[in-house]
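Good morning, everyone, and thank you for coming. Please have a look at the chain on the screen, and then I will walk through a few of its parts.

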Amino acid sequence: MKIQGKMFMWLSVFLLIMAVVYGVWSKEPAGTTALFLAFGLAIMVGFYLGFTAKRVDVGAQDNKEADVADDAGEVGFFSPHSWQPLFLAIGGAFAFLAVAIGWWLMYFSLPLILASLWGWVFEYYRGENRTQ
């Protein structure tokens with residue numbers, strides 16, 4: 001994690017320099033603001049990764065002599081049979097369609113989004129999959 005933190009910190013330095021150069025040269029506020037916001041995002045991520053790297057064990061990515069296989073292992077658990085992402089995508093599609101058609105469509109998409117999020121988060125707290 002330490003190398004990723006350094007990469008984001010260097011990216012934030014680059015973005016700050018480019019934001020100042022772009023702002024002085026172009027005098028265009030939208031792009032300058034976007035570059036300053038990108039700088040803020042990069043410095044937040046870099047600070048978080050550097051802060052976290054001090055508190056966790058050294059990973060394979062921090063060892064210069066490590067192989068790719070040294071970082072192998074279980075990534076996490078992914079539900080193979082969940083229907084919740086489909087309903088969340090449908091609710092998201094209706095929400096984006098509400099911007100184009102009319103805000104009244106948000107009344108139908110918001111309950112679908114909230115119900116599918118609730119179901120996805122608590123999917124393994126009830127029913128036959130409770131013990132997984």
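For "transmembrane region", the unreviewed UniProt entry lists residues 7-25, 31-51 and 86-106, given here in the numbering used for this chain, with shortened feature names, and such annotations may be inferred rather than shown by experiment. Residues are numbered from 1 along each chain as its sequence is written. What you see is a predicted model, in which local features need pLDDT of at least 70 and side-chain atom pairs count only at pLDDT 80 or more, while totals for chains, interfaces and linings use all residues, and side-chain values use heavy atoms, leaving out hydrogens and water.

Let us take the listed spans in turn. Residues 7-25 are 100% helix and 0% strand, with end C-alpha atoms 27 Å apart, where helices (H or I, at least four residues) and strands (E, at least two) are DSSP runs, numbered from the N terminus. Residues 86-106, by comparison, are 76% helix and 0% strand, and their end C-alpha atoms lie 18 Å apart.

Is serine 12 buried or exposed? Serine 12, which sits in helix α1 (residues 2-26), counts as buried because its relative accessibility is 2%, and buried means under 20% relative accessible area, exposed over 50%, and partly exposed in between (1.4 Å probe, protein chains only). Leaving aside residues up to four places away in sequence, serine 12 touches Phe39, Ala42 and Ile43, a contact being heavy atoms within 4.5 Å.

Finally, tryptophan 104 is placed in the loop between α3 and α4, and with a relative accessible area of 49% it is partly exposed.
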